[in-house]
Amino acid sequence: MKMIGCIVAAVLAGIALGWMLPSFMITEVLDKVVTYILAAMLFGVGISIGHNRRELMKIKEIGLRILLVPLAIAGGSLLGASLASLFFAMSLKEVLVVGAGFGWYSLSSVLITQLYNAELGAIAFLANVFRELMAFVLIPFLAIHIGKIVAIAPGGATTMDSTLPIIAKMTDTSTAMIAFVSGLILTTIVPFLIPLLLAMG
Amino acid sequence: MEVVIMSLLAGCLLGASNLIKEAWVGYLDRIVMMIVFILLIAVGIGIGSNQELIANLTVLGWKAMVIAALSTVGSILALWLVASKCDFLESDKIKEEEL
């Protein structure tokens, strides 16, 4: 929760800065610089993902069936998000990309702002922050009333870090382990899925 | 777009190789986090410098809320369906008993 505060503060600071800066300062040059910073960040994210190879090997030991958990979460998220294009003047691609953040608001908003536009980046930021906040409320409810496994769903990619403690508290060790692996897989998918969806026509 | 995907893939390959020592990953995550903060400020600048966006922030918030709710509910229903067909925890218990 401390993290989410810092992150919202960073975006608010940026908004204030963007408001005050004269528009000629925000040039294509700046945009290009940010793209290279983004590339550097993704290089680092990639190293972490590649390094997780060892942890991903554990999936074989637990059983490949466990992959159904992140697959269901990803599929359900995208299917749910796609319905939003019926209500708003947004293309299917746009709503899918926002849904494809799976709660990872920092990475999804940064990627979408740079690769698409600031408006969708802002929506992605807010939507994925909302998703994490909803997860904090829904995890205890689902764990008590529906089932331990189902309680993993709302957290999406965050079940490997920020929402893992609450899952561990509300369920058991086996469920927490499945939640971690599911979050790890979704976290691995997001940086690939968002650019791929955006690259589609 | 290409630069971004290429650097992600290059990072994955480097990370999967044995060149990266365990101890470095902690530092790396911290550096990545710092870059993320810089980029989040850039996200903010993108919003703040766009008057039209600022004026429509409540509309954007509403859209974000609906997409978040739909994707969260979608993921819950999908996992509920899968979990009703396939008991992930029961098999764990059997394994533990076998041990």
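## The contact between chains A and B

In this predicted model, the contact between the two chains draws 84 residues from chain A and 63 residues from chain B. On the side of chain A that touches chain B, the elements giving two or more residues are α1 (2-20), α2 (28-51), α4 (68-87), α5 (92-99), α6 (105-115), α7 (118-145) and α9 (173-199) of chain A. The most comes from α2(A), with 17 residues. Sorted by class, this side of chain A comprises 56 nonpolar, 23 polar and five charged residues. For the complex, the predictor reports an ipTM of 0.90 and a pTM of 0.88.

## The two chains

Chain A contains nine helices and zero strands, and its elements run α-α-α-α-α-α-α-α-α from the N terminus on. Its radius of gyration is 18 Å, close to the 17 Å that the globule rule gives for 201 residues, so chain A is as compact as a globular protein of that length. The C-alpha trace of chain A spans about 55 × 35 × 35 Å along its principal axes. Among contacts in chain A between residues at least 6 apart in sequence, 61% join residues at least 24 apart.

Chain B has five helices and zero strands, in the pattern α-α-α-α-α along the sequence. The mean pLDDT of chain B is 86, and 89% of the residues score at least 70. Within chain B, confidence is lowest in helix α5 (residues 88-98), at a mean of 59, and highest in helix α4 (residues 57-85), at 96. Where pLDDT is low, the predicted coordinates should not be read in detail.

| Chain | Secondary structure | Length | Buried residues |
|---|---|---|---|
| Chain A | nine helices, zero strands | 201 residues | 53% |
| Chain B | five helices, zero strands | 99 residues | 36% |

## Individual helices

Helix α7 of chain A has 28 residues, which at 1.5 Å a residue should span 40 Å; its end C-alpha atoms are 39 Å apart, in agreement with that value. A kink of about 35° lies in α7(A) at A:Leu138, shortly before the proline A:Pro140. Of the 28 residues of α7(A), 20 are buried, so this helix is largely enclosed by the rest of the structure.

Helix α3 (residues 53-62) of chain A presents another case: the number buried among its 10 residues is zero, so α3(A) lies largely in the open. Just after α3(A), A:Gly63 takes a positive phi of about 120°.

In chain B, helix α2 (residues 22-48) has 27 residues and reaches 40 Å from its first C-alpha to its last, close to the 39 Å expected at 1.5 Å a residue. Buried residues of α2(B) include B:Val32, B:Val36, B:Leu39 and B:Leu40. Also buried in α2(B) are B:Ile41, B:Ala42, B:Val43, B:Gly44, B:Ile45, B:Gly46, B:Ile47 and B:Gly48.

## Selected residues

B:Ile67 is placed in helix α4 of chain B, the helix of chain B in which confidence is highest. It has 34 C-beta neighbours inside 10 Å and therefore counts as buried. Not counting residues up to four places away in sequence, B:Ile67 touches A:Ala81, A:Ala84, A:Val95, A:Val98, A:Gly99 and A:Ala127.

A:Ser82 belongs to helix α4 of chain A, one of the elements on the side of chain A that touches chain B. With 18 other C-beta atoms within 10 Å, A:Ser82 is partly exposed, the threshold for a buried residue being 20 or more. Leaving aside neighbours within four places in sequence, A:Ser82 is in contact with A:Leu92, A:Val95 and A:Leu96. A:Ser82 and A:Leu92 are 10 residues apart in sequence, and their C-alpha atoms are 6.0 Å apart in space.

A:Phe102 is found in the loop between α5 and α6 of chain A. Its phi is near 50°, a positive value in a residue other than glycine. A:Phe102 counts as buried because 31 C-beta neighbours lie inside 10 Å.

How values were computed. Residues are numbered from 1 along each chain as its sequence is written. Chains are lettered from A and ligands numbered from 1 in the order in which they are written. This is a predicted model: local features need pLDDT of at least 70, side-chain atom pairs count only at pLDDT 80 or more; totals for chains, interfaces and linings use all residues. Helices (H or I, at least four residues) and strands (E, at least two) are DSSP runs, numbered from the N terminus. The radius of gyration is taken over C-alpha atoms; the globule rule is 2.2 Å times the number of residues to the power 0.38. A residue is buried if 20 or more other C-beta atoms lie within 10 Å of its own, exposed if 12 or fewer, and partly exposed in between; C-beta atoms are placed from the backbone. Two residues are in contact if their C-beta atoms, placed from the backbone, lie within 7 Å. Ala, Val, Leu, Ile, Met, Phe, Trp, Tyr, Cys and Pro count as nonpolar, Asp, Glu, Lys and Arg as charged, and the others, Gly among them, as polar. pLDDT is the predictor's confidence in each residue, from 0 to 100. The expected span of a helix is 1.5 Å times one less than its number of residues. The bend at a residue is the angle between axes fitted to the seven residues ending there and the seven starting there.
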